[in-house]
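Subject: Two-chain model, handover and notes

Hello,

Here is the structure you asked about. My notes follow below it.

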Amino acid sequence: MSLLIKDESPEKLIGEDGKRLDGRDLNELRPIKMEVGVIPNADGSAYIEWGNNKIYAAVYGPREVHPRHDARPDRGILRTFYRMTTFSVSERKRPAPGRREKEISMVIKNAIEPVLFLELYPDSVVEVFIEVISADGGTRCACTTVAVLALADAGIPMKGLITAVAAGKANGKIIIDCSGDEDKSGEADLPCAISWYNNQIALLQFDGIMDLKEFDKSIDQIIEALEKIRKLQEEALKKRYIDVRDHLKNYKPEVVSTNNIEEKIDSNNQKNQNGGDQTE
Amino acid sequence: MEVEDIDEIDINQMKDKEIVIPGEVLSEDLTNFTPGRGTTKQGNKIISLFVGLKVIRKNYINVIPLRGIYTPTEGDKVIGVIIDKNPVKWKLDINARNFGILKPSNTVARTQKFRKGRPDRAYETTQKFSVGDVLIVKITQADRLHHPELTTQGKYLGKRHSGKLIEIPPPKIPRIIGRKGSMINLLKKMTNCNIFVAQNGRIWIQGDNFENEMLLIDTIHKIETEAHTSGLTERIKDFIINEKTRRGIN
């Protein structure tokens with residue numbers, strides 16, 4: 001997979017061998033890497049590399065709401081800020097939040113809010129900042145996936161995780177996890193998120209042309225793919241703590257006896273004294 | 001200096017506990033188990049709400065979170081930093097969702113005069129402390145909607161004039177204290193430092209020399225990273241002994 005993202009749409013998205021442009025099968029995911037606890041100053045944070053997508057998420061709060069009139073006396077509120085950096089796409093993106101960014105912030109917020117126990121924190125706000133460092137298709141799905149990780153890392157009580165992936169249609173065939181090119185020149189795009197505690201759809205958007213049979217088929221394939229991503233999410237959350245444990249498994253106590261300490265301190269003192277003498 | 005022994009679920013004596021994540025099914029046996037802290041019932045399953053450690057105590061399944069925010073509770077002793085003041089009150093950052101409020105009448109020592117209901121009017125201004133001061137305070141009132149009320153009347157409470165302040169995640173505070181204060185006593189004895197561990201994740205320390213203080217800070221950060229493992233007290237003991245030798249501290 002090349003790091004350079006060319007800004008031209010190719011004619012054929014699926015080759016004669018049945019493989020996609022980047023050599024994937026029709027229902028194959030791009031390589032995914034997740035990590036939590038990457039930003040020390042945030043209350044919770046996560047990072048995801050999903051193909052060429054590179055996204056950071058940071059959670060702050062629960063904290064006081066400003067402006068105060070936004071606060072709710074019966075429940076806390078969730079604010080989500082999706083932002084694409086100016087260098088994340090091949091042509092410079094204007095830094096001001098546009099219509100698209102506001103929409104994506106809103107859909108991510110609406111997808112995540114039902115799984116959080118915000119009623120435990122009345123009069124306060126939980127803020128999620130999502131920064132897209134590098135974008136190559138399917139960022140709203142990757143952002144939903146990583147925002148949930150950051151919230152779990154921050155210790156906000158939640159009923160379960162949420163995972164998202166997009167299906168699409170290219171050359172009349174259903175594909176899973178569209179890349180940037182497939183997003184732009186494909187025939188349809190179907191981002192979908194599932195909240196696992198009740199197995200219900202948390203986010204579903206659609207753009208393009210697809211008949212109902214194809215729609216059902218793509219939802220089935222999405223669920224199949226989401227199961228795989230969910231396992232990666234679970235691993236990422238546990239890895240932070242299990243690594244420390246595994247590191248200590250082979251721990252053997254190397255206790256220096258107290259006599260030794262005194263000897264060593266004496267010898268150290270002597271050395272220091274000798275050193276001092278020499279300099280004089 | 002004493003630290004209140006909090007009535008926590010004892011995580012110090014345990015073996016390596018299972019690490020669970022939000023939504024993970026802890027048990028499907030609802031006849032023998034009841035959802036405890038950090039869990040909820042979803043259909044006929046008990047699920048976890050946090051990234052934490054699964055602890056079964058009697059019939060309750062609990063999850064002890066590994067990260068999270070401090071929630072002020074009445075009677076807790078916390079360490080606060082003054083962030084603002086006006087003629088009638090101080091505002092203290094107590095590492096919680098809201099700032100705490102300290103009123104001058106709650107900083108006057110309880111003298112004979114005070115008990116008779118005639119507090120010394122000279123103390124009724126906010127001249128005593130200034131912005132940036134570190135105070136050990138007790139929470140007298142706390143609920144989910146109002147700012148917590150604080151007081152400096154009581155043992156060990158009041159302004160700290162020297163020492164160092166460090167911060168760790170509040171859920172890891174019970175590990176610093178240990179079972180019946182075993183860990184904190186070990187730290188005090190081996191590093192010759194005064195320690196005050198507050199429930200809001202802040203620790204105030206003061207030692208007789210700089211080297212001991214730095215050793216203690218390193219030890220506390222080691223406890224923080226290894227808080228979810230078993231056999232911690234023994235390992236920390238070895239760590240301090242070895243570090244003392246390496247650094248040449250008497």
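Chain A and chain B bury about 3,400 Å² between them, and carbon and sulfur atoms give 61% of that area. Buried area here is the accessible area (1.4 Å probe) that two parts lose on being put together, summed over both. This is a predicted model: local features need pLDDT of at least 70, side-chain atom pairs count only at pLDDT 80 or more, and totals for chains, interfaces and linings use all residues. Residues are numbered from 1 along each chain as its sequence is written, chains are lettered from A and ligands numbered from 1 in the order in which they are written, and side-chain values use heavy atoms, with hydrogens and water left out.

The interface

The contact (heavy atoms within 4.5 Å) involves 43 residues of chain A and 38 residues of chain B. Two salt bridges run between chain A and chain B; a salt bridge is a side-chain nitrogen of Lys or Arg within 4 Å of a carboxyl oxygen of Asp or Glu. One of them pairs Lys238(A) with Glu24(B), at 3.2 Å from N to O. There are also 10 residue pairs in polar contact between chain A and chain B, with both residues at pLDDT 80 or more. A polar contact is a pair of N or O atoms within 3.5 Å; within protein, one must be able to donate a hydrogen and the other to accept it, and residues adjacent in sequence count only if both atoms are side-chain atoms.

On the chain A side that touches chain B, the elements giving two or more residues are strand 3 (53–64), helix 2 (139–153), helix 4 (212–249) and helix 5 (258–279). Helices (H or I, at least four residues) and strands (E, at least two) are DSSP runs, numbered from the N terminus. Helix 4 of chain A gives the largest share of that side, nine residues. By type, the residues on that side are 25 nonpolar, five polar and 13 charged. Ala, Val, Leu, Ile, Met, Phe, Trp, Tyr, Cys and Pro count as nonpolar, Asp, Glu, Lys and Arg as charged, and the others, Gly among them, as polar.

The cores

A nonpolar core is a set of buried Ala, Val, Leu, Ile, Met, Phe, Trp, Tyr and Cys residues joined through side-chain atoms within 4.5 Å. Buried means under 20% relative accessible area, exposed over 50%, and partly exposed in between (1.4 Å probe, protein chains only). The largest nonpolar core has 65 residues, and Ile112(A), Leu116(A) and Leu151(A) have the most contacts inside it. Helix 2 of chain A gives the largest share of this core, 10 residues. Leaving out residues up to four places away in sequence, Leu151(A) touches a set including Val59(A), Val126(A), Ile156(A) and Met158(A). Another core, of 26 residues, lies apart from the largest one and includes Ile176(B), Ile177(B), Leu186(B) and Ile203(B).

Salt bridges

Over all chains, the structure holds 34 salt bridges. Asp123(A) and Arg68(A) form one, at 3.9 Å from N to O. Asp123(A) lies in the loop between helix 1 (99–112) and strand 5 (124–134) of chain A and Arg68(A) in the loop between strand 3 and strand 4 (77–84), so this pair ties together parts 55 residues apart in sequence. Asp123(A) is buried at 17% relative accessible area, whereas Arg68(A) is partly exposed at 42%.

In another, the closest N and O atoms of Arg240(A) and Asp153(A) are 2.7 Å apart. This pair links helix 4 and helix 2 of chain A, with the two residues 87 apart. Asp153(A) is buried at 4%, and Arg240(A) is partly exposed at 29%. Arg20(A), Asp22(A), Arg24(A), Arg30(A), Asp177(A) and Glu182(A) are linked in a network of salt bridges.

Backbone points

Most residues other than glycine have a negative phi, and most peptide bonds are trans. Asp177(A) has a positive phi, near 60°, and is buried at 2% relative accessible area. Asn192(B) also has a phi near 60°. Cis peptide bonds join Gly61(A) to Pro62(A), with omega about 5°, and His66(A) to Pro67(A), with omega about 0°. Pro62(A) is in strand 3 of chain A, and Pro67(A) is in the loop between strand 3 and strand 4.

Regards
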